[in-house]
Amino acid sequence: MQEYYMREALIEAQKAMDLKEVPIGAVIVYDDKIIARAHNLRETAKDPTAHAEILAIRQASQVLGGWRLPNCDLYVTIEPCPMCAGAVMLARIRKLIIGAMDKKGGAAGSLLNIPGDDRFNHNTEIITGVLEEECASIMKEFFKELRNKS
């Protein structure tokens, strides 16, 4: 099932890429159903917080009627940044499933581990490497195209 949901997150990442956004996609699963899906929209929305994870968390909170999402799992194509990792922890997400890690800016196991830090009052289980090659590939393709246009 993890690969199925990550493929759905990859569909969202492709939507971001089509908009010339950094291709990161996210889906939130509750009771084996996708209740939220999003992709990066920072450039489109002109909003530095319009990351896929934040948008999906907002959507899931609306669907479930509250800010706590303890029975939800978040699938994201690339390891969350510090802002998104903090939101995952604050939303009480049960599991964070990551496609590819971000060694330069990741905050869920690479540079930091905000959702897994025992000093906070909530910890999120973190699973990494689900469809890792596909998730890394779309990012590489995006930045290669960006460099070629420069």
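The following is a conversation about how terms are applied to this predicted model.

Reader: What makes the features described here count, and how are residues numbered?

Author: This is a predicted model, in which local features need pLDDT of at least 70 and side-chain atom pairs count only at pLDDT 80 or more, while totals for chains, interfaces and linings use all residues. Residues are numbered from 1 along each chain as its sequence is written, and side-chain values use heavy atoms, with hydrogens and water left out.

Reader: What makes the contact between Glu-12 and Lys-15 a salt bridge?

Author: A salt bridge is a side-chain nitrogen of Lys or Arg within 4 Å of a carboxyl oxygen of Asp or Glu. The closest N and O atoms of Glu-12 and Lys-15 are 2.9 Å apart, and the pair forms a salt bridge. Both residues lie in helix α1, 3 residues apart, about one turn of the helix. By this rule the count comes to 6 salt bridges.

Reader: How do you know that Glu-8 and Arg-37 form a salt bridge, and where do they lie?

Author: Their closest N and O atoms are 2.9 Å apart, and they form a salt bridge. This pair links distant parts of the chain, with Glu-8 in helix α1 and Arg-37 in strand β2, 29 residues apart. Glu-8 has a relative accessible area of 15% and is therefore buried, whereas Arg-37, with 28%, is partly exposed.

Reader: What makes α1 a helix, and how does its span stand against the expected one?

Author: Helices (H or I, at least four residues) and strands (E, at least two) are DSSP runs, numbered from the N terminus. Helix α1 has 17 residues, and the expected span of a helix is 1.5 Å times one less than its number of residues. From its first C-alpha to its last, α1 reaches 24 Å, close to the 24 Å expected.

Reader: Which elements do the buried residues of α1 pack against?

Author: The buried residues of α1, including Tyr-5, Met-6 and Leu-10, pack against β1, β2, β3, β4 and α5, where contact means heavy atoms within 4.5 Å.

Reader: What makes a set of residues a nonpolar core, and how many residues has the largest one?

Author: A nonpolar core is a set of buried Ala, Val, Leu, Ile, Met, Phe, Trp, Tyr and Cys residues joined through side-chain atoms within 4.5 Å. The largest has 44 residues, and those with the most contacts inside it are Met-6, Ile-28, Ile-57 and Ile-93. Among the elements that each supply at least two residues of this core are α1, β1, α3 and α5.

Reader: How do you know that β1 and β3 pair?

Author: Two strands pair if DSSP finds at least two bridges between them. β1 and β3, which run antiparallel, are joined by 5 bridges, and Val-27 stands opposite Tyr-75 in β3. They belong to an open sheet of 5 strands in the order β2-β1-β3-β4-β5, with mixed pairing.

Notes: Buried < 20%, exposed > 50% of the residue type's maximum accessible area, 1.4 Å probe, protein only.
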